[in-house]
Amino acid sequence: MAKRASGRRRAVVVRTALAALLAAPAARAEWKFTPTVDLRETVTDNVALTRADQAKSRFVTELTPGFTLQDKGPRLNLSANYQLHYYAFDDNDVEGVRHAQSQLRAAAKATVIDELLFLDADGAVGQQAVSAFGPQVNSNGYASANRANVKTWRISPYLLHRFGSSATAAVRYTHDSVDAGRIGFGDSTSDVLMMNLNSGRTFRRVGWGVQYSQQRVDDSIAPKSHVKMLSANARYRLGEDFNLTASAGYDEYDYQSDGEPTKGRFWQGGIEWTPSPRTSLVAGAGKRYYGNTYNLQALHRSRRTVWSINYSDSVTTTRSQLLLPATIDTASMLDRLFTAQIPDPAARAQAVDAYIRATGLPSALADSINYFSNRYILQKQFQASVAMNTARTTLILNAFDSRRQGLSLIQTDSLLTGPASARINDDTTQRGGSALWNMRLTSRSGINASWTTSRTQSHATGLSSKNAALRLAVTRQFSPKVRGAFEARRVSGTTTDQVASYRENALSASLSLQF
């Protein structure tokens, strides 16, 4: 009955959103539809990423039809990227593999009523590691070990109103869904209402804001939960480039815990410093119901480098992170890197997209491994990255240190991890880094090298896991719409049962076509 009711609510939300889009006045759009086909042949000595005594060598043929879709207009911006991967093996009698899987990233932003009603929507389909203590998703799409196919979507209409130059008010409703199709991890939906009122340009010396939000999460395994937050903030300008900030409020969570607090007052003080358009610093410290809290965002950009340092702590869930992936976006790093050479944002976005396609760079860099859990967790994460660009080379480095502590009752994960391993995700630390290097040999050819490594430790059980991947690829642009690549890779780590290690060596040749 609950699932049928949830399905009816979802259908109502989708129909309302579509009606809003159709009701928006027509405007000239710039549609761009690009079909693609990739063909890849791989030889691997461990097709299913199993331990050494069970490893099997196979030839894998991969056919990937797909498309990209873009529509940029005055009222609607739409983007989508879809790929359907088919896998064929020289011996079909092989276990631990899949024969097909999909990948999708789609987003839309619409202006329904000018300066009043807007709509955001997005959706995604992709593979996700189930546990941090097992084989990770290292561009090996055909292995099925320790991974699930996750589907997420979100739709969010919102009202925006400006009271002249005095204040701006916004009311936003969001409905989202997470479906992993995994026994032990609950499929869930949530409804979020957010309201805020912020000062406008009139308040130059002292700025202020008030925010309220509430969320209801319906989960097929974990108990239904509610989250509420009320806060007020203030900003005092000491100079043209320096502000003092302060905030205070109240958090209220209703998850079940072992007697620890789940709600309480909070406060925080901090600074905002922007000495130049290329340098910014935001830092703060305070107190929340779970203890001390800190945040840091530092960014510096020169003509050929981008430096970034971030730290945050927050109460979160796996479903929240699946809806908002925490990976470092390669395109964002390159966008900042190319700002000095290409000031126009639209031209720069096209240049970044063309650069990624021509060099074969991945869309995102690795950071801490997100694993499945039905619990509320306290996450403390530090991340630092740097990107460097010269006339012939690009280098992107990233390092992270993340700690996650379970807050809600451990019993909600017993079906997912098994009773014997129920505490494995209770208190974990992950440390690692990645390096990505590209060298342009000619205007049409180049070399890519990448290295990622991570170590995960469970403080509650003493178990630990390591994962590493090393790749070297040569790329060639045969024509504006045809690109080829030859890649060698080596990945290693621990198996899902953590009693043995696995290792894979593979060679692949690929051909990518755009129509």
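This is a predicted model: local features need pLDDT of at least 70, side-chain atom pairs count only at pLDDT 80 or more; totals for chains, interfaces and linings use all residues.
Residues are numbered from 1 along each chain as its sequence is written, and side-chain values use heavy atoms, with hydrogens and water left out.

**Stop one: His85**

Select residues 76-89, and you have strand β3, with His85 in it. Helices (H or I, at least four residues) and strands (E, at least two) are DSSP runs, numbered from the N terminus.

Is His85 buried or exposed? His85 is buried, because its relative accessible area is 8%; buried means under 20%, exposed over 50%, and partly exposed in between, with a 1.4 Å probe and protein chains only.

Now show side chains. His85 has a polar contact with the side chain of Glu62 at 2.7 Å, and its side chain makes another with that of Gln103 at 3.1 Å. A polar contact is a pair of N or O atoms within 3.5 Å; within protein, one must be able to donate a hydrogen and the other to accept it, and residues adjacent in sequence count only if both atoms are side-chain atoms.

Jump to β14 (residues 291-301) and β15 (residues 305-316), which run antiparallel and are joined by 7 bridges. Strands pair if DSSP finds at least two bridges between them. The two form a hairpin with 3 residues between them. Pick His300 and you'll find Trp307 of β15 opposite.
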